[in-house]
Amino acid sequence: MKNRIVFLSVLFFTHTLCAQITLTDNNRSTASIVINDNSVNYTAATLLQTFIYRISGAEIPIKKDGKVKKGDIFITNENLSELKKDGFLLSTKDGVLRIVSLPNEGKGSIYGVVTLLEKYLGISYFGENEYSLTKQSNIVIPLIHFVDNPAFRYRQTQCYATKTDSIYKLWNRLEEPGEIFAANYWVHTFDKLLPSDKYGKNHPEYYSYFNGKRHPGKASQWCLTNSEVFEIVANRIDSIFKANPQKHIISVSQNDGNYTNCTCENCKAIDDREGAFSGSLITFLNKLAARFPDKEFSTLAYLYTMKPPKHIKPLPNVNIMLCDIDCDREVSLTENASGQEFMQALKGWSAISNNIFLWDYGINFDNFVSPFPNFHILQDNIKLFKKYGASMHFSQIGGSRGGDFAELRAFLVSKLMWNPNADVDSLTQHFLNGYYGKAAPFLYQYIKIMEGALLGSGQRLWIYDSPVSHKKGMLKPELIRRYNNLFDQAEKAVAEDSTLLKRVQRSRLPLQYSELEIARTENRKAVNDILQKLNLFEQKVKEFNIPTLNERNNSPVEYCELYRKRYLPQNKKNLATGATITYLTEPTGKYAAMNPSVLVDGLFGGSTFVESWVGWEGKDAAFVIDMGKEKTVCSIESDFLHQLGAWIFFPKEVSYSYSTDGKSYTLLEKHEIPEDRSVEVKFKSVKSILSTPIPVRYFKIEIIGIKECPSWHYGVGHPAWFFLDEITVL
């Protein structure tokens, strides 16, 4: 019996040795990579060859359609029933390391190589050309039989590294719209398919009817029941697919904007019957899907089309791109009051379609370089999307360089889009330790404390947020001191490693930006302290080449320059400080309830209009300033905001009149302001200078707004805003 046990032990040991595959021995290659003639497989082989060389210094040869022998790596394609698009099999059966994926179905062989390198060779890829590996002269692969498939057939993030590092994108198993969608027709494509520049003037009937007229323009929607529109679009799509024979999906989707849909008699009849504005859209898309049954048509369920129709069902080749843009982010969608309408839409679409593309937002569009503590909801939401049948997923995270833990957020999201059940805390710890080294424990504490502070504050976290909104919550002074202490400890822990130190310092930028934003809203300013922080922030955004503060491409360097001029005391006494303001035309909504003294409190508003600004929507404005007594005046100046993303425009005209008795006014000057279509957030000063100083007690300011969003703007046909902040009299 004892001899039998020894024999079985030897047999098991021998089998184990045989199952192992040695790829390199003493820095020399002992294997070949054999592939069939397939570009994806060649990319996979090159990636494997590259990293084995980086680990061991050995270059494994790549052979196309060669003979496979024991000890080799064979990258091939087979129609295995257990594999899906982008899935793969890793196996060491019969002494050959096989990486198998479906033929002509995605990039499974590449993702198999990535998993091999990650799981069995210990390589981690963190960010833009940022990875870790351990050098070793001998690479031995153990017994493997591993099948893996993605949870979603399409996975997209917005991390800056996808644009600059092709390996990063492959490693994180991500795709870009241009790789999938014909001619890169991906979301908001109506004007690309039916250009208003070409058709709008002669055929306004092709475009949306609402508020008593047609609205042709770049941001307009279509009249979806117009048969000529359908034929023009169908012919256009036919030509696009013929020019891109390798692509089978295209987006036919509404232009950006809300409630700009057509309400003509025919479109309205469909939408009324379906109980949703998506009714006419899906009717149109189904006609296209029937015309081109071998193609796939993606369309948006976004803003006014989010709600599904009651009766009509999308055909199987109609892809529903469902967006949760109106939901807050401090808790998961199922817990969030703002998410309940979306949840109903998700359940409704899931009941009538198996082809859902889920577009989720984990981004602060107005302040990329600002804390956005949403790590605790990532997994819950992605599991929710999978539960309700989403097969494609775009996680629009804050992926700009310098954004709040942009690299960690992209890392976690990419892992969860592949496997929603992954251990998030383990992944977080792995990333922090690998990317920040000894600074990791302090940054982990920072993330967790801020998460708890957000939840404890009861303050919403939304996609147009501002640090100022949280200055009494997660960014109150007591917490900011603690955060800075943690970052100080983190920097000290890696002070001897310049690479790790720079990563920590770059990750500190959102906290530094928050301090600056909050400081500008305080009446009492420690100017020297602010200047020191501003200079440091400016130095670091230059050093780390931070491109923008927001989606409107406002430069952080220009922000620093503007901050000095706009927000720091200028040693000029505003004669209007504390003046009484009487509205002749009240501001709109909540702005009418604000104390009008915000217009003369010495604090200039920021780019997100969450403080200081007073707004008028769809109308003009007029008000009187009473300085209490006559004062010798040289000039008057008003400050306006331009932020097209929020439908905020500069006014058309500003007039200043003055008086000593409040009854009889003399026109000082009328300013005409030209239209500005630029996407950047801007501030505009409208100033009148008197040729000779005169005594004045009262000023009347009259403002003419554009009132309605123009045809080129995605609020076309709807009321436009203008926002006013500080009025300065010198």
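Colleague: How do you know that strand β15 and β16 pair?

Modeller: In this predicted model, strand β15 (residues 249–251) and β16 share 3 bridges in the parallel sense. Pairing asks for at least two bridges between the strands, so β15 and β16 count as paired. Within this pair, I250 stands opposite F297 in β16.

Colleague: What makes β16 and strand β17 a pair?

Modeller: The cut-off is at least two bridges, and β16 and β17 (residues 318–323) have 5, so they are paired too. Their sense is parallel. The bridge partner of A301 in β17 is L322.

Colleague: Why is strand β16 called mostly covered?

Modeller: A residue is buried when its relative accessible area is under 20%. In β16 (residues 296–301), 6 of the 6 residues are buried, so each of them falls under that cut-off.

Colleague: Which residues of β16 point one way, and which the other way?

Modeller: E296, S298 and L300 point one way, while F297, T299 and A301 point the other way. In a regular strand, side chains alternate between the two faces of the sheet. Both sets in β16 are buried.

Colleague: Why are β4 and β11 called edge strands?

Modeller: The sheet is open and its 6 strands come in the order β4-β3-β5-β7-β6-β11, with mixed pairing. β4 (62–64) and β11 (145–148) each pair on one side only, and they are the edge strands. From one strand to the next, the twist averages 15°.

Colleague: How do you know that β3 and β4 pair?

Modeller: Strand β3 (residues 33–35) and β4 have 3 bridges in the parallel sense. At least two are needed, so this is a pair.

Colleague: Which strands does helix α3 lie across?

Modeller: Helix α3 (residues 108–120) lies across β5 (73–77), β6 (88–91), β7 (97–101) and β11. The helix runs at about 45° to β6.

Colleague: What makes K565 a lining residue of the second largest pocket?

Modeller: A lining residue has an atom within 4 Å of a pocket point. K565 is one of the 42 lining residues, so it meets that cut-off. K565, R566, Y567, Q570 and F604 lie nearest the centre of the pocket. The pocket has a volume of about 1,100 Å³.

Colleague: Which elements each supply at least two residues of that lining?

Modeller: They are α18 (498–519), α20 (556–566), β22 (621–642), β25 (682–704) and β26 (721–729). The lining residues divide into 12 nonpolar, 15 polar and 15 charged.

Notes. Residues numbered from 1 in each chain as written. Predicted model: local features only at pLDDT ≥ 70, side-chain atom pairs only at ≥ 80, totals over all residues. Heavy atoms only, no water. Helix = DSSP H or I, 4+ residues; strand = E, 2+ residues; numbered from the N terminus. Axes fitted to C-alpha atoms, helices over the stretch in contact; angles between N-to-C directions. Contact = heavy atoms within 4.5 Å. Buried < 20%, exposed > 50% of the residue type's maximum accessible area, 1.4 Å probe, protein only. 1 Å grid on protein atoms, 1.4 Å probe; cavity = no way out; pocket = protein on both sides within 12 Å on 5 of 7 lines; lining within 4 Å. Points joined across faces, edges and corners; volume = space filled by probe spheres on them. Nonpolar A, V, L, I, M, F, W, Y, C, P; charged D, E, K, R; others polar.
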